[in-house]
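Biologist: Walk me through this model. Take one feature at a time, with the general idea before the case.

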Amino acid sequence: MGERIWMLAQPLIAALALTGFAAATAFQAADRTDLIPSVQALITASFVYPGLALSMIVNQTMVMGRRPRRLTTVEKILVTGQFLIAGLLALTSLEPGALLLGFLLWPLLIVGAVAACWTMAGTTVRERRAHRAPRELGGEPRPDLDDHPGTGGVVSVAPRV
């Protein structure tokens, strides 16, 4: 059950972020920006949360390509960190004078999203290579080229004459 909750975490965070974006867009379209509590809330909901949602959707798509579908411990920490920063942004956005905190948290959230994407992409590629390698050589795992030091030689490819 625990892994299932983690598999739902990223889509849930994306849905919450898109809900904030939809609310901010609706208020702006209705010319009711007075209902948005602060400039930080407007910027966060209009720009930061859609980026977070996109990041979570891309990450979830990568994880769905794995067998088995699960997050590593580091990935769980990164997803939790992004959720906490996004929640802290939502709470501090209620205060009109908290724009400075937004300036500090927005880059932190972006760095967390990039780190999560990079980590999930790397894990997915490694796992796919590991599952594919035994099948390529009739059941025997082959050593990866990255496992051995290079020879220092330069390989060139030229057309046959």
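**Reading the loops and helices**

Modeller: Start with Pro-68, which lies in the loop between α2 and α3. Helices here are DSSP runs (H or I, at least four residues), numbered from the N terminus. This is a predicted model: local features need pLDDT of at least 70, side-chain atom pairs count only at pLDDT 80 or more, and totals for chains, interfaces and linings use all residues. Residues are numbered from 1 along each chain as its sequence is written, and side-chain values use heavy atoms, leaving out hydrogens and water.

Biologist: Which peptide bond is cis?

Modeller: The one from Arg-67 to Pro-68, with omega near -5°.

Biologist: What is phi of Asp-31?

Modeller: Near 55°, a positive value in a residue other than glycine. Asp-31 sits in the loop between α1 and α2.

Biologist: Where does α2 bend?

Modeller: A bend is the angle between axes fitted to the seven residues ending at a residue and the seven starting there. α2 bends by about 40° at Ala-45.

Biologist: Which residues of α1 and α3 meet?

Modeller: Contact means heavy atoms within 4.5 Å. Glu-3, Trp-6, Ala-9, Gln-10, Ile-13 and Leu-16 in α1 meet Lys-76, Val-79, Thr-80 and Phe-83 in α3.

Terms used:
Helices (H or I, at least four residues) and strands (E, at least two) are DSSP runs, numbered from the N terminus.
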